Amino acid sequence: MGINVRVNNLAVSYNGVKVFENITFSVESGQLVGIIGPNGAGKSTLLKSILGLMSIDRGEVEILDGSISKARRKIAYVPQRNDINLDFPVSVEDVVMMGRFPHLTWWGLPRRKDREVVTESLKEVGMIGYRHRQIGQLSGGQLQRVFLARALAQEAELFFLDEPFAGIDISSETMIMDLLRGLRNQGKSIFVVHHDLNKAETYFDTLVLLKNRLIAFGSREEVFREETLKEAYEGRVSTFAGSDKLMVVNG
Ligand SMILES: Nc1ncnc2c1ncn2[C@@H]1O[C@H](COP(=O)(O)OP(=O)(O)OP(=O)(O)O)[C@@H](O)[C@H]1O
Ligand SMILES: [Mg+2]
């Protein structure tokens with residue numbers, strides 16, 4: 001298996017205030033990667049800097065054996081806060097069709113295959129019944145699922161999802177996790193920022209634990225250790241009574 005993402009000695013700041021430095025890791029294809037850490041740890045910033053959406057102070061990022069500009073079409077990104085104008089009169093289907101943009105012909109009209117992929121993606125997130133609905137008329141969780149459908153429609157090699165389950169109920173979350181596992185089994189890599197530590201332990205193959213630096217990286221056994229969680233979550237970690245399962249208190 002090849003390396004999909006390689007990050008070397010990455011350092012990022014905003015207006016001279018350091019967010020993190022010295023981040024080094026690499027991820028092979030076919031991995032579900034969880035990015036965890038407390039609020040303000042730099043999780044969203046890590047995604048944006050890997051994706052070349054902000055300037056970095058130091059370091060290198062290699063994606064699919066090259067630079068981000070060459071790989072861009074093969075990458076789907078769902079940001080934490082989507083600043084799409086919800087008053088703009090576009091339908092659910094239109095938003096998902098935007099994911100087909102890299103595949104459209106030069107004259108830009110969707111073909112049958114594009115429409116089929118859009119339909120399939122909407123089915124996968126359980127939103128096919130809403131295809132003609134204006135996006136301004138959806139609930140927060142429904143909107144989130146539409147953005148996921150747009151990412152799926154792109155048929156990308158790499159997925160970067162920033163808190164994709166925010167506002168989503170548990171049955172939709174389970175459905176979407178199954179879908180992400182399906183993508184992983186096809187050899188794709190999926191990076192997911194996720195704040196629920198207990199779920200993160202079971203959801204992901206590889207974990208990135210951040211808090212202004214890379215506190216731990218690797219398998220759940222390597223990352224879910226008392227010292228590492230305590231460092232990230234400032235000591236608010238304890239074990240369940242009568243078990244060795246770690247949990248974060250008020251985390
Ligand atoms: N545009 C910005 N300008 C200045 N500082 C920023 C900006 N965006 C983020 N920050 C700061 O950088 C740090 C990391 O922010 P980031 O959004 O990456 O954290 P996060 O781990 O994603 O947090 P959360 O769990 O709350 O989403 C925080 O201290 C935040 O206040
Ligand atoms: Mg964030």
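A: Here is a walk that begins at the ligand and moves on to the strands and helices.

A bit of housekeeping: this is a predicted model, in which local features need pLDDT of at least 70 and side-chain atom pairs count only at pLDDT 80 or more, while totals for chains, interfaces and linings use all residues. Residues are numbered from 1 along each chain as its sequence is written, and chains are lettered from A and ligands numbered from 1 in the order in which they are written.

Let's start with ligand 1. Around it you'll find Tyr14, Val19, Gly37, Asn39, Gly40, Ala41, Gly42, Lys43, Ser44, Thr45, Gln80 and His195 (a residue is near a molecule if its C-beta atom, placed from the backbone, lies within 6 Å of it).

Helix α1 (residues 43-50) supplies the largest share of the shell, three residues. Helices (H or I, at least four residues) and strands (E, at least two) are DSSP runs, numbered from the N terminus.

Now follow α1 to the sheets. On one sheet, α1 lies across β1, β2 and β4, at about 115 degrees to β1. Angles run from 0 to 180 degrees between N-to-C directions, with axes fitted to C-alpha atoms, for helices over the stretch in contact; contact means C-beta atoms, placed from the backbone, within 7 Å. On the other sheet, α1 lies across β3 (32-36), β6, β7 and β8 (206-210), and makes an angle of about 145 degrees with β7.

The sheet with β1 is open and has three strands in the order β2-β1-β4, paired antiparallel (two strands pair if DSSP finds at least two bridges between them). At its edges are β2 (17-28) and β4 (58-63), each with a single partner strand, so one side of each has no neighbour in the sheet. Neighbouring strands there are turned by 15 degrees against each other on average, direction ignored.

Strand β1 (residues 3-14) joins β2 through eight antiparallel bridges. Arg6 has Ser26 of β2 as its bridge partner, and Ser13 sits opposite Lys18 in β2. The hairpin of these two strands has two residues between them, and Asn15 there takes a positive phi near 45 degrees. Between β1 and β4 there are five bridges, again antiparallel, with Ala11 opposite Arg58 in β4.

The sheet with β7 is open too, with six strands in the order β5-β6-β7-β3-β8-β9 and mixed pairing. Its edge strands, β5 (75-78) and β9 (214-218), each pair on one side only. Strands β6 (residues 158-162) and β7 (residues 189-193) run parallel, joined by five bridges, and Leu158 stands opposite Ser189 in β7.

So, back where we began: ligand 1 has α1 as the largest contributor to its shell, and α1 lies across strands such as β1 and β7.

Definitions and conventions: Two residues are in contact if their C-beta atoms, placed from the backbone, lie within 7 Å.
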